[in-house]
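Me: I am new to this structure and would like to learn how to read a few of its features. Please start with a pair of helices.

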Amino acid sequence: MARYDRIGKDYQRKRRAEPRFMELIEEALGDCVSVLNVGAGTGSYESPNRKVVALEPAETMIRQRPPDAAPVIAGEAERLPFLDHSVDGVTAFMTVHHWMDVPRGLRELRRVARRRIVIMSYLPGHTPLPDRWLTNVYFPGIAAAHKRRFPDLRCYEEVLGPVSLVPLLIPADCSDGFIDAFWARPEMYLDPKVRNSMSAFQLLDPVELIQGLAKLRADLKSGAWETNYGGLRSKEAIDVGLRLIVA
């Protein structure tokens, strides 16, 4: 069963495309007209100005796609039901770390794309993460899981060849509710409806989840969080290693 059939039931509630990311994605796609969006989920970041077809393995996610979303096919990245070089561009947004066989999936993206591949993902170890208090302090299990699951730059280059990297700085008012979106709004992580749209929390050990939430709640109440991290509230954006990987 696709992982998101288990963890993606409330995804559409909080996962909306961040406009500033969308602008960079559009720029990266360049003159691509036809685009395949792999691991498409509920359709965030699908271009309204291109001919997009989506591919998604989880029926739960497909059911949450809005009526005006791009047409969707049930399928997996490792076995794309498309001919060689059949679309101008292929996109994959925050999905690669969920694939069962990442190199095989990347080879499939390269096989199908005529011009461009645009991937949104974290790059572990690519940048210092001093501001990532959520996983550095309260939920280290998420940080450990990300280190295991997210491919590094070498993995992409071995399959796709030379790539360019576009930093995605996360704004303080980020509209897409992924794991680091609320770095300046810590209270949001106490809301189970917010956490339900983050795969990292859905896959976290329940004991660590309870302990981390208790510590965060206590630190917010005592003022310890504000003392240690309140300075972040004056920043407009932070860099925690989120990138567009463009081939």
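Reply: The crossing of α5 and α8 is right-handed; a crossing has that hand if the near helix is turned clockwise from the far one by less than a right angle, and is left-handed if anticlockwise. Helices here are DSSP runs (H or I, at least four residues) and strands likewise (E, at least two), numbered from the N terminus. This is a predicted model, where local features need pLDDT of at least 70, side-chain atom pairs count only at pLDDT 80 or more, and totals for chains, interfaces and linings use all residues. Residues are numbered from 1 along each chain as its sequence is written, and side-chain values use heavy atoms, with hydrogens and water left out.

Me: At what angle do the axes of α5 and α8 cross?

Reply: Two packed helices are described by the angle and the distance between their axes. Helix α5 (residues 102-112) and helix α8 (residues 153-160) have axes that cross at roughly 45° and come within 9 Å.

Me: Which residues of α5 and α8 meet?

Reply: Contact means heavy atoms within 4.5 Å. From α5, V102, P103, L106, R107 and R110 meet C155, Y156, V159 and L160 of α8.

Me: Is G89 buried or exposed?

Reply: Buried means under 20% relative accessible area, exposed over 50%, partly exposed in between (1.4 Å probe, protein chains only). G89 lies in strand β4 (residues 87-93) and counts as buried because its relative accessibility is 0%. Beyond its neighbours within four places in sequence, G89 is in contact with C32, S34, V35, L36 and R116.

Me: How confident is the predictor?

Reply: pLDDT gives its confidence in each residue, from 0 to 100. The chain has a mean pLDDT of 91, with 93% of its residues at 70 or more.

Definitions and conventions
Axes fitted to C-alpha atoms, helices over the stretch in contact; angles between N-to-C directions.
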